[in-house]
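Work through the exercises below with the sequence and the 3D structure at hand. Try each task before reading its solution.

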Amino acid sequence: MTVFKQRVFSGVQPSGNLTLGNYLGAIKNWVGLQDTYETIFCVVDLHAITTWQDPDILRNATREVAAGMIASGVDPKKSIIFNQSQVSAHAELAWIFNCVARMGWLNRMTQFKEKAGKNRERASVGLYVYPDLMAADILAYQATHVPVGADQKQHLELTRDIAQKFNSDYKVDFFPEVEPLIFGEATRVMSLRDGNAKMSKSDPSENSRINLTDDRDLIAKKIRKARTDSEPLPATMDDLDGRAEAKNLINIFAALSDRKAGEVCAEYEGKGFADFKRDLADLSVEVLGPITEEMSRLMSEKTYLDDILRDGVHKADELSQPILRQIHDIVGFLRP
Ligand code: TRP
């Protein structure tokens, strides 16, 4: 058995604004991994263009995601931070994986079905093979661990299937079995307008989400305006069944304060949402204020940000190129 170095890979798409969902569901959890693992964090611009992106907006969003990661505590001295399109191993390995993955596997991907909707015939081919590119992201570094939210678990399963089929087709033990890293009480941040829909950068209602570019006043305002119900808070989370908006706000409170949702709920037992939302607004501003301010400071220092990305590209190339060369040898590509 090959022993693989403990290496973490994860990515965020630069499509639209970074939201509280990206922060609590992903980036915040990455910070603590930097001291335990070798960590690689990628702004996945190749993934973003599977649906149309305006070029100027894409450029800005790519810098914004990088700034958001750094402002949240991802440290360029500890982690490799870069944008995917600049490291050629991703697209090259994705092609090889297009030839490993089976149509039947991709046909089962629920995210494609959701994103393509009724208009399957008009979806980009890139959207269809999106999971192959994601497998390439991870395996181009032989990464062993991937922190992901629940919505990406199926993609990670596919990554494991691809790795396994490659290993068995070519009779090698080359790719590791990638493990998902799931965090405590999974923080799936829902829309502030509809507790049953994921908080999304593509929701037409600005009040449905908190963007990491929102200032303190706007953050507080959006929390105060969040939809709730008129019942007081119960003693336990179980008693919140059917009250999706209430549940979501408690989960956000718990995640922002690193506490258990049940504990937060018990503390507010019997109180109405006016009290709770006032405290949640204060907490949100206290935690997110410094991050959003650091992010906008970084956005005004484009050369600093671009230097970090360039350095990341260099390091990512150094890791992935030797791996890609070995893959070429395994597959039978001639190296003249
Ligand atoms: N598909 C992921 C998302 O939309 C982003 C992503 C791309 C990713 N490549 C990855 C996540 C590799 C983890 C590992 O959230």
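**Exercise 1.** Find the helix that holds C265, and decide whether C265 is buried or exposed.

Solution. In this predicted model, C265 is placed in helix α12. Next, take its relative accessible area, which is 0%. A residue counts as buried under 20%, so C265 is buried.

**Exercise 2.** Which residues does C265 contact, apart from its neighbours within four places in sequence?

Solution. With those neighbours set aside, the contacts of C265 are P234, A235, T236, M237, L240 and I250. Now look at D239, which lies 26 residues from C265 along the chain. The C-alpha atoms of D239 and C265 are 9.9 Å apart.

**Exercise 3.** Compare the span of helix α11 with the expected span, then describe how α11 is placed in the structure.

Solution. Helix α11 covers residues 244-256, a run of 13 residues. From first C-alpha to last it reaches 18 Å, close to the 18 Å expected at 1.5 Å a residue. For its placement, count the buried residues: 11 of the 13 are buried, so α11 is largely enclosed by the rest of the structure. Among them are A244, E245, N248, I250 and F253. The buried residues of α11 pack against α1 (20-31), α12 (261-267) and α13 (273-299). Just after α11 comes D258, with a positive phi of about 55 degrees.

**Exercise 4.** How are helices α3 and α14 oriented to each other, and what kinds of residues make up their contact?

Solution. Two packed helices are described by the angle between their axes and the distance between the axes. For α3 (residues 55-71) and α14 (residues 302-331), the angle is about 85 degrees and the axes are 11 Å apart. Angles from 65 to 115 degrees count as roughly perpendicular, and α3 and α14 are therefore roughly perpendicular to each other. On the α3 side, the contact is made by R63, A66, A67 and I70; on the α14 side, by K302, L305, D306, I308 and L309. Sorted by class, the contact of α3 with α14 has six nonpolar residues, three charged residues and no polar ones.

**Exercise 5.** In which sense do strands β1 and β2 pair, and why is β2 described as largely enclosed?

Solution. Strand β1 (residues 7-12) pairs with β2 in the parallel sense, over six bridges. Strand β2 spans residues 38-43. Five of its six residues are buried, so β2 is largely enclosed by the rest of the structure.

Technical notes: Residues are numbered from 1 along each chain as its sequence is written. This is a predicted model: local features need pLDDT of at least 70, side-chain atom pairs count only at pLDDT 80 or more; totals for chains, interfaces and linings use all residues. Side-chain values use heavy atoms; hydrogens and water are left out. Axes are lines fitted to C-alpha atoms, for helices over the stretch in contact, and angles run from 0 to 180 degrees between N-to-C directions. Helices (H or I, at least four residues) and strands (E, at least two) are DSSP runs, numbered from the N terminus. Angles under 35 degrees count as roughly parallel, over 145 as roughly antiparallel, 65 to 115 as roughly perpendicular and the rest as oblique. Contact means heavy atoms within 4.5 Å. Ala, Val, Leu, Ile, Met, Phe, Trp, Tyr, Cys and Pro count as nonpolar, Asp, Glu, Lys and Arg as charged, and the others, Gly among them, as polar. The expected span of a helix is 1.5 Å times one less than its number of residues. Buried means under 20% relative accessible area, exposed over 50%, partly exposed in between (1.4 Å probe, protein chains only). Two strands pair if DSSP finds at least two bridges between them.
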